[in-house]
Amino acid sequence: MCGIVGLYLKNKALESQLGALFTPMLIAMTDRGPDSAGFAIYGDEVADGSTKLTLRHPDENYDWDCLASAIKDDLGVTVEWFKNSKVAVFKVGAEVDVVQPYLAENAADILILSAGQSIEILKEVGLPKNIAETFNLASMKGSHIIGHTRMATESAVTMEGSHPFSTGQDLCLVHNGSLSNHNRLREELKREGVTFQTDNDSEVAAGYLTNRLRKGDTLNEALTNALKDLDGFFTFTIGTRDGFAVVRDPIACKPAVMAETDDYVAMASEYQALTTLPGIENAKVWEPEPETIYVWERDQ
Amino acid sequence: MKTIDLQKHTVRDLNQALHDQVEECTIREWEVLEPKGQHNIACGLDQNLSVDIKGHAGYFCAGMNKKAHVTIFGNAGQGVAENMMSGTVRVKGDASQAAGATAHGGLLVIEGNAGARCGISMKGVDIVVKGNVGHMSCFMGQAGSLVVCGDAGDALGDSLYETHIYVKGSVKSLGADCIEKEMRAEHIDELTDLLNRAGVEEDPKAFKRYGSARQLYNFKVDNASAY
């Protein structure tokens, strides 16, 4: 089943309230996904040439300071970091292709949940309410956010199997549905250099978009290609550094509802998740059409 | 009139109170406030009641309705009025997919657009949609009528039996065994009556009629020997 939700702010004055507006949306989808939950939030960008990573270690008392000092000394770069439960956000003054190999070699027990200039991904096993509390979601600021509540059907209830997945810088996708050609696509994408952390179908969709965007597609073009190449049921909500998109497969049996005002665009599996948004009573509320791409992008 | 606020009472409380009217009807008019997209509102009614839902409803609103007149002052989620037997369900906004699915009787009016599979496997209900309907609408429709004042999506009327379909706008594509048919005087009369009952002002002459070509396996008498 699973629930997906997304909120993209058009009014920058609301950015300080992004987490507070989003928390009830995520919790409202508990009925659709009580096993695990997660979200990708965009904001607090690092400068060009720097990288922001969300890192996770299973030990809550892991010595992040020690890791930060090692990166500073070994790579000779600046490191700022803060901890949030079992996750730490690292802002490193180096390109991602320098930092990621370093971590793979020197801190192999750390899982990289996301990398980019803007994105932070936080996810855990448990009820959405508990996860929102664990990470203090309500206090978070940002420009846009997408989230997922999981009812596991095809694989175990684990942190690794929790959504959302990110396969490329600042790209994240949440998925309600199931893909039927993900095994073949995964192999093709691996040959083209995309790396995967799980054998989950949704991660393949994220990898597919990463690959298309790397090849120079716009978000709209990448999603147009996805409609041709992905086989199965899906409602996707996608976040990029400055974009937000929603697309459903041609059969459109997985639900989706959207709302738009002058202040925001919101997406959810069910309308119940949108009822706490300000001005929802007068918002334009509609069901996204099948095989139709909806994209919002920020001016740089 | 009785008013029930769904932020103060559960949907189960509401539905129980409505079902209690079957034995002895003490209150005819009901108003439901703050539905906030909750599922299964006003399901399984079996009494001549008027129920006004002031806001957006979730899945299966007014499902299995008998005799009652339910109006949703907002949008409805999946399966509004599914398996309705009689009475009237009116959606002031849009309806999601499978509106009026399998419904046997009564009248469903959608003043906005309906999503995919509107009237799927309908068995006698009359559905009038002021806006558009999505793909696979009226799939395996067995009886009743579907009126679409806007446009219809792909595969309209696939594998139809005896449902009458009237569309004013464009049809993206017709489903298997669905064809356009002549609009005769009796069809103008039927459509006029449907539009009047729905309170929709349209010229019946502007519509086209679609129905079953009766060419699929189950229509061929030669196949009867298989049983």
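How many helices and strands are there in chain B? Chain B contains 2 helices and 11 strands, where helices (H or I, at least four residues) and strands (E, at least two) are DSSP runs numbered from the N terminus. The model is a predicted one, in which local features need pLDDT of at least 70, side-chain atom pairs count only at pLDDT 80 or more, and totals for chains, interfaces and linings use all residues. Residues are numbered from 1 along each chain as its sequence is written, chains are lettered from A and ligands numbered from 1 in the order in which they are written, and side-chain values use heavy atoms, with hydrogens and water left out.

From the N terminus on, the order of elements in chain B is β-α-β-β-β-β-β-β-β-β-β-α-β. The radius of gyration of chain B, 18 Å, is close to the 17 Å that the globule rule gives for 227 residues, so chain B is as compact as a globular protein of that length; the radius is taken over C-alpha atoms, and the rule is 2.2 Å times the number of residues to the power 0.38. The C-alpha trace of chain B spans about 55 × 45 × 25 Å along its principal axes. Of the 227 residues in chain B, 52% are buried, a class defined by under 20% relative accessible area, with exposed over 50% and partly exposed in between (1.4 Å probe, protein chains only). Contacts are heavy atoms within 4.5 Å; among those in chain B between residues at least 6 apart in sequence, 26% join residues at least 24 apart.

Chain A comprises 7 helices and 16 strands. For its 300 residues a compact globule would have a radius of gyration near 19 Å, and the 18 Å of chain A agrees with this. The C-alpha trace of chain A spans about 55 × 40 × 40 Å along its principal axes, and 59% of the 300 residues count as buried. Of the contacts in chain A with a separation of 6 or more, 71% are between residues 24 or more positions apart. A cis peptide bond, with omega about 5°, joins A:His163 and A:Pro164; A:Pro164 is placed in the loop between β8 (144-150) and β9 (165-168) of chain A.

B:Ser159, with a phi of about 55°, is found in the loop between β8 (143-148) and β9 (164-167). Its relative accessibility is 16%, so B:Ser159 counts as buried. The side chains of B:Ser159 and B:Asp158 are joined by a polar contact of 2.6 Å, that is, a pair of N or O atoms within 3.5 Å; within protein, one must be able to donate a hydrogen and the other to accept it, and residues adjacent in sequence count only if both atoms are side-chain atoms. Beyond four places in sequence, B:Ser159 touches B:Phe139, B:Met140, B:Ala176 and B:Leu216. Of these, B:Met140 also has a positive phi of about 55° and lies in the loop between β7 (123-129) and β8 of chain B. With a relative accessible area of 32%, B:Met140 is partly exposed.

B:Ser50 belongs to strand β3 (residues 50-54) of chain B and is partly exposed, its relative accessible area being 27%. Leaving aside neighbours within four places in sequence, B:Ser50 is in contact with B:Arg28, B:Glu29, B:Trp30 and B:His69. The C-alpha atoms of B:Ser50 and B:Phe60, 10 residues apart along the chain, are separated by 18 Å.
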